[in-house]
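Here is a quick tour of one model, with an eye on its pockets and its aromatic rings. Keep the structure open while you read.

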Amino acid sequence: ESTLGAAAAQSGRYFGVAIAANRLSDSTYATIANREFNSVTAENEMKIDATEPQRGQFNFQNADRIYNWAVQNGKEVRGHTLAWHSQQPSWMQSLGGSALRQAMIDHINGVMSHYKGKIAQWDVVNEAFADGSSGARRDSNLERTGSDWIEVAFRTARAADPSAKLCYNDYNVENWTWAKTQAMYRMVKDFKQRGVPIDCVGFQSHFNSGSPYNSNFRTTLQEFAALGVDVAITELDIQGASPTTYAAVVNDCLAVSRCLGVTVWGVRDMDSWRSSDTPLLFNNDGSKKQAYTAVLNAL
Ligand code: XIL
């Protein structure tokens with residue numbers, strides 16, 4: 001195959017990309033994005049601050065620009081993200097307690113009903129665990145509403161759109177030996193045992209010198225899949241874009257039948273949230289990097 005999306009499709013998977021609405025008018029960007037990828041995540045446009053800037057007043061203008069571009073070009077869409085401590089609108093940052101709990105529920109219902117039946121996977125909850133060795137939840141205004149906020153988010157999401165796969169998404173959870181990974185594993189195991197509706201786990205996979213790729217990532221994917229959830233690599237970027245590391249990540253996904261696909265977190269290095277790391281698959285002039293060829297050959 002000659003594109004990442006077509007190559008991934010040979011094994012029933014997708015190869016996706018994070019899209020920024022304001023870059024779609026850049027023809028180099030849009031040409032690569034349309035040619036190479038068959039799944040799309042909005043990099044920021046479906047987040048809480050973007051979709052509900054004032055309480056109860058939803059705005060899907062930029063989210064729909066990405067959604068419509070994706071669907072018109074035959075791509076599936078990952079929704080990102082409904083409940084998160086970050087990129088909250090200021091009105092939500094200042095809420096707490098039962099008012100915040102209700103605002104979270106209302107937000108999930110508002111966004112998911114707009115896209116009902118149209119989203120392959122939703123990142124319902126993002127980044128709820130703390131970094132480091134504690135294995136604890138991250139402190140946040142949402143956590144302070146009661147530690148059941150995560151399961152309430154998933155139950156609300158299932159009722160709002162039963163057709164979407166519901167994912168928990170996080171970073172620094174790729175290394176099987178890390179406490180954060182084990183804490184996420186215990187949560188997913190508990191949810192499955194108690195019937196909390198969760199379908200998938202997203203591994204962001206922002207690899208750099210502080211949190212490098214480790215070959216036990218494949219074990220992590222296998223262990224989560226064995227709990228009865230799908231897994232996905234949701235925001236892949238690799239500091240320096242080592243071709244061998246990119247190929248290893250792809251091979252880890254391909255080795256796990258429940259790995260749905262891989263999403264890279266941007267098109268060209270200049271489009272990356274960490275552009276100085278040159279972590280992506282395309283150069284700024286649109287040419288393919290060595291990492292691109294390594295990924296295509298691995299697929
Ligand atoms: C990042 C975006 O890439 C940036 O443009 C934005 O300024 C901050 O958020 N984890 C996530 C993503 O789940 O939503 C984040 O995206 C990167 C880390």
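This is a predicted model: local features need pLDDT of at least 70, side-chain atom pairs count only at pLDDT 80 or more; totals for chains, interfaces and linings use all residues.

## The second largest pocket

The second largest pocket holds about 160 Å³ of space.

Which helix gives the most to the lining of the second largest pocket? That's helix H4, covering residues 61-72, which puts in 3 residues. Sorted by class, the lining of this pocket comes out as 5 polar, 2 nonpolar and 2 charged residues.

## The largest pocket

Now for the largest pocket, with a volume of about 290 Å³. It is lined by 19 residues, and those closest to its centre are Glu127, Gln204, His206, Glu235 and Trp273. The class tally for the lining of the largest pocket is 10 polar, 5 charged and 4 nonpolar residues.

## Aromatic pairs

On to the rings: the model has 15 aromatic pairs, counting rings of Phe, Tyr and Trp whose centres lie within 6.5 Å. Take Phe129 and Tyr168: their ring centres are 6.0 Å apart and their planes meet at 80°, and since over 60 degrees counts as edge-to-face, that is what this pair is. The two residues sit 39 residues apart, so to find them look in distant parts of the chain: Phe129 is in the loop between strand E4 (121-126) and helix H7 (149-160), while Tyr168 is in strand E5 (residues 165-170).

Are these two buried or exposed? Phe129 has a relative accessible area of 4%, which makes it buried, and Tyr168 is buried too, at 0%. The cut-off for buried is under 20%.

Phe154 and Phe191 form another edge-to-face pair, with centres 6.2 Å apart and planes at 70°. Phe154 belongs to helix H7 and Phe191 to helix H8 (residues 179-194), so this pair ties together parts 37 residues apart in sequence. Both Phe154 and Phe191 are buried.

## A ring cluster and a charge over a ring

Ring pairs link Trp176, Tyr185, Phe203, Phe207, Tyr213, Phe217 and Phe224 into a cluster.

What sits over the ring of Tyr171? The charged end of Lys180 does, 3.6 Å from the ring centre.

Technical notes: Residues are numbered from 1 along each chain as its sequence is written. Side-chain values use heavy atoms; hydrogens and water are left out. Rings of Phe, Tyr and Trp (its six-membered ring) pair if their centres lie within 6.5 Å; planes under 30 degrees apart count as stacked, over 60 as edge-to-face and the rest as tilted. Helices (H or I, at least four residues) and strands (E, at least two) are DSSP runs, numbered from the N terminus. Buried means under 20% relative accessible area, exposed over 50%, partly exposed in between (1.4 Å probe, protein chains only). A charge sits over a ring if NZ of Lys or CZ of Arg is within 6 Å of the ring centre and within 35 degrees of the ring normal. On a 1 Å grid over the protein atoms alone, a cavity is a set of points where a 1.4 Å probe fits but cannot get out, and a pocket is an open set with protein on both sides within 12 Å along at least five of seven lines; lining residues have an atom within 4 Å of a point. Grid points are joined across faces, edges and corners, and a volume is the space filled by probe spheres set on the points. Ala, Val, Leu, Ile, Met, Phe, Trp, Tyr, Cys and Pro count as nonpolar, Asp, Glu, Lys and Arg as charged, and the others, Gly among them, as polar.
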